[in-house]
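Subject: Structure for your files

Hello,

Here is the structure I said I would pass on. My notes on it follow below.

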Amino acid sequence: MSTKPTTTDLEWTELDQRAVDTGRVLAMDAVQKVGNGHPGTAMSLAPAAYTLFQKVMRHDPADADWTGRDRFVLSAGHSSLTLYIQLYLAGFGLELDDLKAFRTWGSKTPGHPEYGHTVGVETTTGPLGQGVANAVGMAMAARYERGLFDPEAAPGTSPFDHHIYAIAGDGCLQEGISAEASSMAGHQKLGNLILLWDDNHISIEGDTETAVSEDTMKRYEAYGWHVQRVEPKENGDLDPRALFEAIQQAKAVTDKPSFIAMRSIIAWPAPNAQNTEAAHGSALGDEEVAATKRVLGFDPEQSFEVSDEVLNHTRGALERGREARDAWEKSFQEWRSANAERAAEFDRIAAGELPAGWEEKLPVFETGKAVATRAASGKVLQALGGVIPELWGGSADLAGSNNTTIDKTSSFLPAGNPLPEADPYGRTIHYGIREHSMAAEMNGIALHGNTRIYGGTFLVFSDYMRNAVRLSALMHLPVTYVWTHDSIGLGEDGPTHQPVEHLASLRAIPGLNVVRPADANETAIAWREILCRWTKEFGKGAPHGLALTRQGVPTYEANEDAAKGGYVLFEADGGEPQVVLIGTGSEVQLAVEAREQLQAAGVPTRVVSMPSVEWFEEQDQGYRDSVLPPSVKARVAVEAGIGLTWHKYVGDAGRIVSLEHFGASADGKVLFREFGFTADAVAAAARDSLAAAQR
């Protein structure tokens, strides 16, 4: 496992070392100026970050979104200065004033890196371990992208070959999500992924001996990774030559992801703060900053000291980036000339466009027939799979229940996997029982670009995924979550598997669109709308969560207004509606049956299906009022979950038929009856609301 390099092609000059030490000074000064932040890791990691950005990675600071670039993920996002300083030095657009504005209102340098906010930041990494899983997803996407456009090319010869680099800390590797993702990466043999571990033995509570005694390198070896250790110099500083050599060896291993353990001393070379927990998340103090500057040969009286010589040297990354991009463009044009059809497909996908005529493949379901919405979703995916090659995904070991298999004959699995459907460029992903990392990997896949990703599990397990789902929304990523078994209707598995609070909880995430279709035709329309809403432009995309039934539900005539989030499914007969019944998912049928009772009693009743509150709220006030007339005060909302969502829609006189407690183990039909989800209960609630509205 240990690597002791003897030769290296790395050119490392005194000016390079001065640039590294400049980075350390900037990290200290930025935190000292604002009074808070994480200086220690940025100081100790300066040689590693500089080596990556100046000596290793293929990137162009003038074109940060270049398709052929390597990707960099700082999973240890609290050490955001590690990234910001390299973006400044290399010329990505940050300047010294941005570092001086660190962690302040309106700055380009927030406390944690934010995708879409700062040029050169590939993903939002706040919660530890998320970045590890993002990087795994990016590596998966890179392989699938290669399969779409250049599958026959020899390894290392395609314009779609590139590497994903990530830096993780002790905290990242303690979080369970990184274990899930790392296991997945080893199984998938992602040879394009290189993970650098900052092994500094320090966390907020002190020495990591307080919490960890495992052999992390052996753990990664057991996952199936190529593992190396880079020892520091005699003085304790990270050794860029040894690191560079380890990276070169990692790049030569194409059938395994690579793990490089870098032993470092946090806050090196601060005389008193190095190797202390205080250096992790606190300013060093004026005296310690001055003392450290003297150790490094900087003027302790100056702040944010960057010599012209250093900056001119590091901004050479712009010229090297232009040359690298020009070389890549040449190989890309050669590929285009030899692959006209694939090139046209690349242009379409890169532009975010869908193939002509794709909507014609969407199934239309026969009215009256009972179909589970999970089954309808599966038919939609299989119908679209043949015409939208960039659409891929799978399930967290629940494909047979989630109906997420887009192609049974093609599984995304590495060469050498014994399964007959294994294909390194396969359509169907087997995420394994790893819901949390699945969600974060999908974020990485979406961030990488040029594919459209989905992943499924039971709705109740969205709790495992929540942090990554929240980040999907924060980054405006067009990720699609397929959450099935969406209520007590799933039946005998009981309350541990029956979601109650989940719909309301997920709707509380800003920017996440929850879609709970009433029937098979609404499901098809929902998928069409989700795909149409896919966008590469930051701020305009959004993740979607499809909440789908296990049990069959009646199929109604397709209504295009379902794409507006809420619409009139059945209008009142005999005059203007006196009461409006609002339903979602499997409970819409209860509203329909209750309407029949109320109409028979002479009460004109409208049924509104509202598959997506978020989509409905996007509509103008005129449309919303046309669906839910303000003059109609008698309203009932029915949904087999807590009623938190519905108070704003039913008003003071309204009533909510909901489930304010956990479920039980029994047949779904029995549970609906015993817990009051019946047409009679909805009709009774409507009569109660009518009486309240007349008071």
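At what angle do the axes of helix H6 and helix H8 cross? In this predicted model, the axes of H6 (residues 130-149) and H8 (residues 176-188) cross at roughly 25° and come within 8 Å. H6 is therefore roughly parallel to H8, since angles under 35 degrees are counted that way. The crossing of H6 and H8 is left-handed.

On the H6 side, the residues that take part are Gln130, Val132, Ala133, Val136, Met140 and Arg143. They meet Ile177, Ser178, Ala181, Ser182, Met184, Ala185 and Gln188 of H8. Sorted by class, the contact of H6 with H8 has eight nonpolar residues, four polar and one charged.

After H15 comes Gly352, which has a positive phi, near 75°.

Next, the sheet. Five strands form an open sheet in the order E18-E20-E19-E21-E22, and the pairing is mixed. E18 and E22 are at the edges with a single partner strand each, so one side of each has no neighbour in the sheet. Direction ignored, neighbouring strands of this sheet are turned by 30° against each other on average. As background, the strands of a sheet pair through backbone hydrogen bonds, in either a parallel or an antiparallel way.

- E19 (residues 579-583) and E20 (residues 605-609) run parallel and are joined by five bridges; Leu581 stands opposite Val607 in E20.
- E19 and E21 (residues 635-638) also run parallel, joined by four bridges; here Ile582 stands opposite Ala637 in E21.
- E21 and E22 (residues 655-657) pair in the parallel sense over three bridges, with Ala637 opposite Ile656 in E22.

Helix H22 (residues 588-600) lies across E18, E19, E20 and E21 and runs at about 175° to E20. Helix H27 (residues 679-693) packs on the sheet and touches E19, E21 and E22. The direction of H27 makes about 170° with that of E22.

One loop residue is also worth a look on screen. Ala563 is found in the loop between strand E17 (552-554) and strand E18 (567-570). Is Ala563 buried or exposed? Ala563 has a relative accessible area of 11%; the cut-off for buried is under 20%, so Ala563 counts as buried. Apart from neighbours within four places in sequence, Ala563 is in contact with Ile525, Arg528, Glu529, Arg533 and Trp615. Val227, by contrast, is 336 residues from Ala563 in sequence and 50 Å from it in space, C-alpha to C-alpha.

Regards

Technical notes:
Residues are numbered from 1 along each chain as its sequence is written. This is a predicted model: local features need pLDDT of at least 70, side-chain atom pairs count only at pLDDT 80 or more; totals for chains, interfaces and linings use all residues. Side-chain values use heavy atoms; hydrogens and water are left out. Axes are lines fitted to C-alpha atoms, for helices over the stretch in contact, and angles run from 0 to 180 degrees between N-to-C directions. Helices (H or I, at least four residues) and strands (E, at least two) are DSSP runs, numbered from the N terminus. Angles under 35 degrees count as roughly parallel, over 145 as roughly antiparallel, 65 to 115 as roughly perpendicular and the rest as oblique. A crossing is left-handed if the near helix is turned anticlockwise from the far one by less than a right angle, and right-handed if clockwise. Contact means heavy atoms within 4.5 Å. Ala, Val, Leu, Ile, Met, Phe, Trp, Tyr, Cys and Pro count as nonpolar, Asp, Glu, Lys and Arg as charged, and the others, Gly among them, as polar. Two strands pair if DSSP finds at least two bridges between them. Buried means under 20% relative accessible area, exposed over 50%, partly exposed in between (1.4 Å probe, protein chains only).
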